[in-house]
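Please read it alongside the structure shown here.

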Amino acid sequence: MEKTINITLKVWRQAGPKEKGSFETYALKNISTDSSFLEMMDILNEQLISERKEPIVFDHDCREGICGMCSLYINGHPHGPDGEITTCQLHMRKFKDGETITVEPWRSAAFPVIKDLMVNRGAYDQIIQAGGFVSVNTGGVPDGNAIPIPKPKADEAMDAASCIGCGACAAACKNGSAMLFVAAKVSQLALLPQGQVERAARAKAMVAKMDELGFGNCTNTGACAAECPKNVSISHIARLNREFLSAKFKD
Amino acid sequence: MAKKENIVETAKEIKDIIVDAVTDQETVEAAKIIKDATKEALGKVVDTIQQASVSSTRIDAKIPEGPLAQKWSNYKDHQKLVNPSNKRRLDIIVVGTGLAGASAAASLAELGFNVLNFCIQDSPRRAHSIAAQGGINAAKNYQNDGDSVYRLFYDTIKGGDYRAREANVYRLAEVSNNIIDQCVAQGVPFAREYGGLLDNRSFGGAQVSRTFYAKGQTGQQLLLGAYSALSRQIGKGAVKLFPRHEMLDVVVIDGRARGIIARNLTTGKIERYFAHAVVVGSGGYGNTFFLSTNAMASNGSAAMQMYRKGAYFANPAYAQIHPTCIPVHGEFQSKLTLMSESLRNDGRIWTPKKKEDAEAIRVGKLKPTDLKEEDRDYYLERRYPAFGNLVPRDVASRAAKERCDAGYGVGTTGLAVYLDFSDAINRLGENVVRARYGNLFQMYEKIVDENPYKTPMMIYPAIHYTMGGIWVDYELQTSVKGLFCIGEANFSDHGANRLGASALMQGLADGYFVLPYTIQNYLADQIQVPRMSTELPEFAEAEKAVEDKVKKIMSIQGKCSVDSIHRELGLIMWDFVGMGRNKAGLEKALAKIKEVRKEFWSNVYVPGKADGLNVELEKAIRLADFIEIGELMARDALNREESCGGHFREEYQTPDGEALRNDDKFSYAACWKYMGEGQEPCMLKEYLEYEFVKRQQRNYKA
């Protein structure tokens, strides 16, 4: 049945991209352990509003773990201490009564803070724009069953495609690398027959864009895959490396 | 007219009385009262005359001639087109980047138009289409189980309780197959069989398996497909993207939509944008209910701006309550989570047969797994043997409410029923069930903290989708020239109830295969129109109106937070404009919504400043519109004295509790026309003619 806890929050507040930020401490009482982490943040914001203070800004939208909008570094982990979920699916039952919880924005050179806990992840969109697609126009495509795809390949492509573009991988990486994100898309399309024509060009273009945007290099620490809310496997990075190298050799 | 002359006559008499009554104070008072009453009555007469002239406006849906199956081909064969060099000179604004918006923006740019694309999220990939779980319908008949374009059309018309346009729905079924081909070509990893061909599952309201899916993340994969096509065009410079921008008005010049006013959500700056045509795919207005399965930022404001600029709002009362959502559990709750309808393929829905068992379960003395087979009431299988657990959503939702209202509900609140997989697990094994629904089971466990492999899930209906929306003709054009509306935001294809896996189909049909054709029929006449300056007075006026509204909201500085007022509105909507509606309740809702409006405009508190990022202000602007939508929904529900699809008026039901339609009186789309602030809207009718399908009482029993 319903249980409540008291917690202390240390939250990063930053008025704007160029302003200096700092931690503010807030006490919250009687938080139901059945509430989600973001519902707890809503309660805190309602409390701040009732004190005529500005509420904390954070990104969120679908609140069911699929849109990739929510972020937050909670107690040192992107999307908090629970595994394979996003912040919006994290529930307060994962915290203890009296616990102090530290909440920070994604910290990565390529994701500048906009305000408080909200960051700009436009760099991920730019990487996709560089080549994360199959160049087909609407209309004039073959029947969906014209090219059979072996189920294991389709399933693996699906696993790679589950990436929600939240940015946890780059935020978790000590080098600020976006390799898992790039690998997920390159891998998905490399596994499918539809992606073959542009396979080499895609890998090169996306990696080049990633480097250009200031993401760091991959040193295989595996933090990205460990923190990925959708469990995208690090094996996709291995495939990206193969794709990239073979593309370079062909040049 | 005679009426008016009489009144003029009476007015003259009153004037005489007043003139005669020189000193008598009482007579003067009485005369004043009569004078005021006369003034009011005269005003009403003028209103009636005005309304009559509006209601005589014929609503022309521009449905092409010819047999049903040839209408769309005929249209395409004869429509006007824009040649490639002229396309480059034409700008199109697309608002929204969901399935409809992203697919439209990408397809229009591929054709050569210059596209400006807006979304409120930080990236186009976040649009709420991403959360659709179960699948997308298409009439491929890959399963050889008797499907066809006609059958998909028929199921959709019937599922919508005969309240949609035949021609639109047939076109939708026709292009459904192209969507699957398109998505496969983009690299969407649909589920496949071991032989490498596409797999299908069944969904509610159909007896064939025509639903294509990608695990429980079909919406995500389709949206990412459209997003990749859009990204390709952004990379090429053919689409200019404006993320974190919210449309706050349509600019209409000489009766044609010529641009929008948008607020840059990061800087707070109000900005002007011109285009030769405006396309809005801004989604539904389910969040009027505060708690819904929609994303937190999903809103109906773009629709209300179109409505205020002359676009009709059609069938606002048609809202879909989805039967399989995780039940409400506390006051702090911010949203409801959907459990895909696909679960009804293998899950069986039940409540305890005996009230005392239900009671024991509610207080925690009994577990559902303790109940023997004969003590369980699989009420959908009992009531609807032919469709069983796969009846349409409206039917399943009402049946759950009926059980809970009768005292058989479970969960601590008594507002829940079971969705049980034990049969499926025994039959197929846990691994097969995990492969089909693993992500949904995981989501359930994270939220509820119970393992659905071991104990049945608890579910209850929640607001999920709105079939109503901005009225559009066959070309997806609203009643304002040059203003188009696509996807969930329009009212077009689902009638009074949408079948599962049809939203994705409609969004992508509109964006990939319908709008890119029909918009050219309009733009062909616009090739001579030069790009207009955003310094024109119409832009300045629209911008000023937005600024004034923002200022007004910021100046209230009352005591209530935006969310607290929104919750209040949501409760009224759920109680009186929800699953069961009746005259008294709807009238009550209208009165209560007025109070909420007053509360909002006198007591809302928005902290911070308008010229910067201000989430509370964004929410307040949206709430102001939700209040108006709520009123429109109640008004429409009150007008529609019948039950159809998702609109259930308790006064109109069959003896066994099924929706009772009234085709003689209500076979029309109710199109509400804005008559000015504080004025009652005027209702116009688009009569629905059924030439090809015989309307019947929907029957899912046999």
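Two residues are in contact if their C-beta atoms, placed from the backbone, lie within 7 Å. The model is predicted.

**Helix pair in chain B**

- From H17(B), the residues Ile565(B), Glu568(B), Leu569(B), Ile572(B) and Phe576(B) take part in the contact with H18(B).
- Their partners in H18(B) are Gly585(B), Leu586(B), Lys588(B), Ala589(B), Lys592(B), Ile593(B), Val596(B), Glu599(B) and Phe600(B).
- By type, the residues of this contact between H17(B) and H18(B) are 9 nonpolar, 1 polar and 4 charged.
- H17(B) covers residues 562-576 and H18(B) covers residues 583-603; their axes come within 10 Å and cross at roughly 175 degrees.
- Because angles over 145 degrees count as roughly antiparallel, H17(B) is roughly antiparallel to H18(B).

**Contact between chains A and B**

- Chain B contributes 62 residues to the contact, and chain A contributes 63 residues.
- On the side of chain B that touches chain A, at least two residues each come from helices H5 (99-111), H7 (166-186), H8 (218-236), H14 (430-448), H15 (503-523) and H19 (615-639) of chain B.
- H8(B) gives the most to that side of chain B, with 9 residues.
- The side of chain B that touches chain A consists of 25 nonpolar, 23 polar and 14 charged residues.

**Chain A**

- Chain A contains 8 helices and 7 strands.
- The C-alpha trace of chain A spans about 60 × 45 × 35 Å along its principal axes.
- Of the 251 residues in chain A, 53% count as buried.
- Among contacts in chain A between residues at least 6 apart in sequence, 70% join residues at least 24 apart.

**Helix H5 of chain A**

- H5(A) runs over residues 179-191, and at 1.5 Å a residue its 13 residues should span 18 Å; the end C-alpha atoms are 17 Å apart, which agrees.
- In H5(A), 13 of the 13 residues are buried, so this helix is largely enclosed by the rest of the structure.

Conventions: Residues are numbered from 1 along each chain as its sequence is written. Chains are lettered from A and ligands numbered from 1 in the order in which they are written. This is a predicted model: local features need pLDDT of at least 70, side-chain atom pairs count only at pLDDT 80 or more; totals for chains, interfaces and linings use all residues. Helices (H or I, at least four residues) and strands (E, at least two) are DSSP runs, numbered from the N terminus. Ala, Val, Leu, Ile, Met, Phe, Trp, Tyr, Cys and Pro count as nonpolar, Asp, Glu, Lys and Arg as charged, and the others, Gly among them, as polar. Axes are lines fitted to C-alpha atoms, for helices over the stretch in contact, and angles run from 0 to 180 degrees between N-to-C directions. Angles under 35 degrees count as roughly parallel, over 145 as roughly antiparallel, 65 to 115 as roughly perpendicular and the rest as oblique. A residue is buried if 20 or more other C-beta atoms lie within 10 Å of its own, exposed if 12 or fewer, and partly exposed in between; C-beta atoms are placed from the backbone. The expected span of a helix is 1.5 Å times one less than its number of residues.
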